[in-house]
Amino acid sequence: MITRRTLILGTGTVMLAGCDSFTDSPVLLSADDANRFLQRSITGRAALAKQYRPDQRSPIFRVNGTANPNTPEYYALAANRFADWRLRVDGLVARPLSLSLPQIQSLPQRAQITRHDCVEGWSAIGKWQGPQLATLLRLAGLRDTARYLVFHCADRFGALPYYESIDLVDAFHPQTILAWALNDRTLNIGHGAPLRLRVERQLGYKHAKYLMRIEAVASLAGVGQGKGGFWEDTNGYEWYAGI
Amino acid sequence: MQVYRHRLITRIWHWLNAFSVMVLIGSGLMIFNAHPRLYWGQYGANFDPAWLELPRWPGWMTIPSYYSLAGARHWHLFFALVLAFGLLIFMIWSLANRHFQRDLRIRAAELSPANLAGDARAHWGLRFHDPENPRAYNIFQKIAYAGVIFVLLPLLILSGLAMAPGMWPWLIDLFGGRQSARSVHFIAMAAMSGFIVIHLALVFLAGTINEIRSMITGWWKVPE
């Protein structure tokens with residue numbers, strides 16, 4: 001006889017066993033868009049992430065992800081202290097740019113003490129400095145059709161180059177900067193030398209290191225495997241990493 | 001004698017919330033496994049002192065059962081919305097239909113030492129309801145249910161939100177920092193797990209079939 005109790009217990013077991021197979025279902029993934037909409041609605045699109053006092057910084061800012069790209073091309077750039085490195089800004093822009101590190105350092109600068117939150121759960125606070133991404137986008141003249149900015153990096157995971165992307169709301173946010181300094185020192189290799197993205201309202205994996213090229217695109221479909229970033233493509237992490 | 005004990009909205013919310021909480025605990029333990037250390041303050045990472053460091057939770061306790069931070073986040077961030085909006089709707093509805101005011105309001109006299117001691121003795125003797133007024137919750141039920149609805153669940157939602165990188169600075173400061181919020185989130189989860197264990201034990205002691213049926217059909221048989 002099937003009692004309510006066995007029915008409930010049985011249903012529970014089936015549901016738990018079924019959990020694994022639902023893990024990547026589109027229903028669950030729809031929460032990413034909902035969370036982006038809700039977060040931007042409640043905090044505001046231009047709201048600043050919390051900023052800290054100098055004495056609130058982490059004593060040690062740990063390195064995570066790629067600690068060194070370890071490619072011949074990157075070694076050649078690093079050996080020359082990135083004198084030959086150029087940041088390309090292209091794609092859907094009126095005036096493609098190719099900027100050296102001194103040129104980037106001579107643009108109007110922003111310094112901010114912010115918290116880096118890893119998707120794994122830890123946080124580190126540090127002072128980042130560099131020009132706002134918006135400054136470069138205005139220099140390059142973003143076209144009306146551009147919807148996303150793709151950040152191409154020098155590091156690779158296996159055969160795949162690291163990349164990330166953000167939309168225009170975050171691209172023009174005042175705290176979104178291209179940092180070349182951490183805690184008043186030139187960015188070291190572990191933290192992404194010579195230049196990394198800071199997009200302070202999202203988790204750490206969005207903060208692309210070892211930047212080589214910023215590409216303005218209308219759609220993310222043609223980039224990488226189409227999900228907007230290395231971890232999004234390969235592991236199913238959320239494209240909007242706001243929580 | 002049967003009494004109609006739980007209204008439809010209460011029953012729907014109970015099961016939706018129970019399922020969400022189970023999914024959130026299972027997926028939350030998997031998320032915790034990605035960095036099984038807890039800190040107090042604004043920051044906290046491997047080189048900073050942790051107040052709690054645990055081994056990884058085993059696969060039978062986590063969702064999914066295999067190691068997947070991304071997969072656990074899919075579950076967690078979806079059911080966080082179900083939990084939060086479910087609670088919001090249940091709260092508004094239960095204020096409107098006066099469930100909260102009628103059934104969960106704790107009166108000062110109920111908190112008198114004599115009443116608490118008397119009710120504790122009654123629990124010890126497995127008498128959980130007042131024969132004069134069998135529909136009414138006893139004081140320990142009221143404290144437990146009100147504690148979950150008005151303290152634990154809101155605390156879990158707010159401490160969860162406070163972990164978002166771009167969240168309101170005042171909310172982060174309310175918890176004393178993002179890593180403190182993460183610790184509070186974990187402690188509140190432990191308290192919720194404690195509630196579930198006691199709740200299920202008391203359902204068993206009070207009469208499993210009768211109690212579960214009342215939360216499905218609404219009708220509860222008054223014990224002789």
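Two residues are in contact here if their C-beta atoms, placed from the backbone, lie within 7 Å. By that rule, and leaving aside residues up to four places away in sequence, A:Leu149 touches A:Ser165, A:Ile166, A:Ala171, A:Ile214 and A:Ala216. The model is predicted. The points below start with chain A as a whole and end with single residues.

**Chain A overall**

- Chain A contains seven helices and eleven strands.
- Taken along the principal axes, the box filled by the C-alpha atoms of chain A is roughly 80 × 45 × 40 Å.
- Chain A has 243 residues, and 41% of them count as buried.
- Of the contacts in chain A between residues at least 6 apart in sequence, 68% join residues at least 24 apart.

**Nonpolar cores**

- The largest nonpolar core holds 83 residues. Those with the most contacts inside this core are A:Leu149, A:Phe151, A:Cys153, A:Leu178 and A:Leu211.
- Helix H2 of chain B, residues 69-96, provides the largest share of this core, with ten residues.
- A second, separate core has five residues, among them A:Trp122, A:Ala124, A:Ile125 and B:Ala45.

- Strand S5 (residues 148-157) and strand S6 (residues 160-167) of chain A pair in the antiparallel sense over seven bridges.
- A:Phe151 stands opposite A:Glu164, a residue of S6(A). A:Phe151 is also one of the residues with the most contacts inside the largest nonpolar core.
- Two residues lie between the strands of this hairpin, and A:Gly158 takes a positive phi near 65° there.

**Where chain A meets chain B**

- In chain A, 41 residues are in contact with 38 residues of chain B.
- On the chain A side, the elements giving two or more residues are helix H1 (4-22), helix H2 (26-43), strand S3 (109-117) and strand S4 (123-131).
- H2(A) gives the most to this side, with seven residues.
- By class, the chain A side has 17 nonpolar, twelve polar and twelve charged residues.

**Helix H7 of chain B**

- Helix H7 of chain B covers residues 178-217, which is 40 residues. Its end C-alpha atoms are only 43 Å apart, whereas a straight helix would reach 58 Å at 1.5 Å a residue.
- What is the bend of H7(B) at B:Gly207? The helix bends by about 110° at that residue.
- The buried residues of H7(B) include B:Arg178, B:Gln179, B:Ser180, B:Ala181 and B:Arg182. B:Met189 and B:Ser214 are also among the buried residues of this helix.
- After H7(B) comes B:Gly218, with a positive phi near 100°.

**Cis peptide bonds**

- The peptide bond from A:Ala193 to A:Pro194 is cis, and its omega is near 5°. A:Pro194 has its place in the loop between strand S9 (185-186) and strand S10 (196-198) of chain A.
- In chain B, the peptide bond from B:Ile63 to B:Pro64 is cis, with omega near -10°. B:Pro64 is in the loop between strand S3 (52-53) and H2 of that chain.

**Positive phi outside glycine**

- A:Arg81 is not a glycine, yet its phi is positive, at about 55°. This residue is found in the loop between helix H3 (72-79) and strand S1 (87-91) of chain A.
- A:Arg81 counts as exposed because it has 12 C-beta neighbours inside 10 Å, and the cut-off for exposed is 12 or fewer.
- A:Tyr210, also a residue other than glycine, has a positive phi near 50°. The loop between S10 and S11 of chain A holds A:Tyr210.
- Is A:Tyr210 buried or exposed? A:Tyr210 has 29 C-beta neighbours inside 10 Å, so it counts as buried; the cut-off for buried is 20 or more.

**A:Ser219**

- A:Ser219 is found in the loop between strand S11 (211-217) and helix H7 (230-235) of chain A.
- With 10 C-beta neighbours inside 10 Å, A:Ser219 counts as exposed.
- A:Ser219 and A:Val150 are 69 residues apart in sequence, and their C-alpha atoms are 9.9 Å apart in space.

Notes
Residues numbered from 1 in each chain as written. Chains lettered and ligands numbered in written order. Predicted model: local features only at pLDDT ≥ 70, side-chain atom pairs only at ≥ 80, totals over all residues. Helix = DSSP H or I, 4+ residues; strand = E, 2+ residues; numbered from the N terminus. Pairing = 2+ DSSP bridges. Nonpolar A, V, L, I, M, F, W, Y, C, P; charged D, E, K, R; others polar. Expected span 1.5 Å × (residues − 1). Bend = angle between axes of the 7 residues up to and from the residue. Core = buried A, V, L, I, M, F, W, Y, C linked by C-beta atoms within 7 Å.
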